[in-house]
Amino acid sequence: MRPSSPYPLPPPPTCSSSLPQLRCFVGLRWSAPRVQVRRQLDAVAGVGSGARFRAPASSGSQPCYSSIIIRNDNSQNADFPRNYSKREKKPFPIPVLELRRRARQRMKEAEGKPKRPPPPPKNGMLVQRLIPEAYRVYNARILLINNLKRLMKVVPVKGCKYCSEIHVGSVGHPFRTCRGMSSDKRKGEHDWGSTFVEAVFLPVEAYHLEDRLGPRIPHDQRFEVPRIPALVELCIQAGLDLPEYPTKRRRKPIVKIGRKEFVDANEDDLPDPEPDKFKEPILEEVPDDEIIPPLSPEETAALAEETLVVWETLRNGALRLMKRYSVRVCGYCPEVHIGASGHKARNCGAFKHQQRNGQHGWQAAVLDDLIPPRYVWHMPESGELQKELKSFYGQAPAVVELCIQGGAQVPEKYKATMRLDIGIPSSLKEAEMVV
């Protein structure tokens with residue numbers, strides 16, 4: 001047992017009821033151990049060792065303990081997203097032990113109960129309430145690409161000629177982070193040039209499935225199945241109808257005849273299908289030679305605000321679709337597959353792929369696997385980046401940084417990684433004095 005503090009605790013101050021009651025305490029020896037502080041609080045409150053201390057209500061005859069509490073729902077500063085090494089596997093979104101615990105819990109709850117039929121989309125049917133969402137996500141993707149092409153006419157975006165790094169600004173950043181060809185001769189410096197919209201909004205492709213419940217794509221047919229943007233394939237499986245990409249639609253749930261075997265139900269007794277009531281007009285992507293840039297700063301700012309809203313609509317809608325329609329990603333490479341189980345094409349070239357014979361390590365995907373945010377350096381108010389002050393600068397997704405430089409307001413959710421609350425030193429000598 002620790003000895004009690006030799007310094008007596010001063011009597012608590014009194015205050016009138018008009019003063020505000022706050023929840024931290026003044027006058028305690030915070031340098032003492034926590035056990036001693038707890039005992040001092042209990043002694044002041046006059047409670048036993050088993051009770052918890054609580055500040056009494058403020059009144060003219062009762063003591064009050066004054067302090068200030070600062071609360072903020074949004075974190076002030078946050079770490080940048082981690083860049084995983086090519087030699088390590090991506091972490092599971094949900095740990096394996098938690099998945100096993102949930103499976104045991106489901107088996108325990110289903111014990112002795114009749115087996116329920118699988119809900120849509122596992123039974124081959126569509127989730128009706130998500131069909132309009134599929135059309136909104138598809139149109140948001142087309143509108144985002146068109147708006148980015150217009151914004152990049154007035155807000156320059158630079159890309160390195162030897163690596164995949166980009167920078168939003170008229171001049172590339174000075175950080176020596178290039179790992180491309182002949183980077184050792186250039187001492188890691190980037191060779192900046194112009195780039196395209198695909199560098200800002202990364203295209204992620206996946207195989208198009210004519211039947212999402214059909215057999216898995218074998219390795220021999222990997223060149224026969226068309227590949228389309230993964231986000232478009234997710235919308236097609238969720239109810240989007242595109243004539244150039246046909247897919248099978250069932251009007252009755254499947255009939256299971258085994259653990260992994262099923263047959264389609266007979267639909268001859270059903271009437272002719274009615275026109276889809278959820279069908280909406282579909283936007284088209286504008287060619288590069290027909291892009292019209294904004295003509296004024298006000299028009300540029302309005303276009304940037306609209307693009308930022310479309311970006312959030314796209315990500316939120318895709319996340320809602322992913323909660324019902326399975327999306328798989330390889331734990332070793334960026335390959336994405338839209339479906340309950342990944343394909344069998346042995347085209348993984350990541351670390352130690354020889355031991356796996358080129359097979360992918362499929363696991364559940366997260367939103368950033370389907371729509372990579374592509375973080376870039378945020379330009380400070382001074383408009384200049386110094387390589388000696390790299391630790392003071394923040395980052396933001398390329399689409400968000402492009403919209404901010406176009407005149408849009410900074411969204412609240414991205415302020416933590418942009419580090420807007422950090423003061424940037426004016427010189428290297430001042431930076432060395434920072435604690």
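Modeller: First a term: pLDDT is the predictor's confidence in each residue, from 0 to 100. This is a predicted model, so to speak of local features we need pLDDT of at least 70, and side-chain atom pairs count only at pLDDT 80 or more, while totals for chains, interfaces and linings use all residues. Residues are numbered from 1 along each chain as its sequence is written, and side-chain values use heavy atoms, with hydrogens and water left out.

Colleague: What is the mean pLDDT of the protein?
Modeller: The mean is 84. Of its residues, 83% reach 70 or more.

Colleague: Where does pLDDT stay under 50?
Modeller: One stretch is residues 12–38, with 56 contacts beyond four places in sequence. Contact means heavy atoms within 4.5 Å. Another is residues 44–62, with 32 such contacts.

Colleague: Now helices. At what angle do helix 3 and helix 6 pack?
Modeller: About 145°, with their axes 8 Å apart. Helix 3 is residues 131–151 and helix 6 is residues 297–322. Helices (H or I, at least four residues) and strands (E, at least two) are DSSP runs, numbered from the N terminus. Axes are lines fitted to C-alpha atoms, for helices over the stretch in contact, and angles run from 0 to 180 degrees between N-to-C directions.

Colleague: Which residue classes make that contact of helix 3 with helix 6?
Modeller: It has 14 nonpolar, four polar and six charged residues. Ala, Val, Leu, Ile, Met, Phe, Trp, Tyr, Cys and Pro count as nonpolar, Asp, Glu, Lys and Arg as charged, and the others, Gly among them, as polar.

Colleague: And helix 5 with helix 6, which residues meet?
Modeller: Leu231, Leu234 and Cys235 in helix 5 meet Leu314, Ala318, Leu321 and Met322 in helix 6. By class that contact has seven nonpolar, no polar and no charged residues. The two axes come within 11 Å and cross at roughly 55°.

Colleague: How many bridges join strand 8 and strand 10?
Modeller: Three. Strand 8 is residues 327–330. Arginine 328 stands opposite alanine 364 in strand 10.

Definitions and conventions: Pairing = 2+ DSSP bridges.
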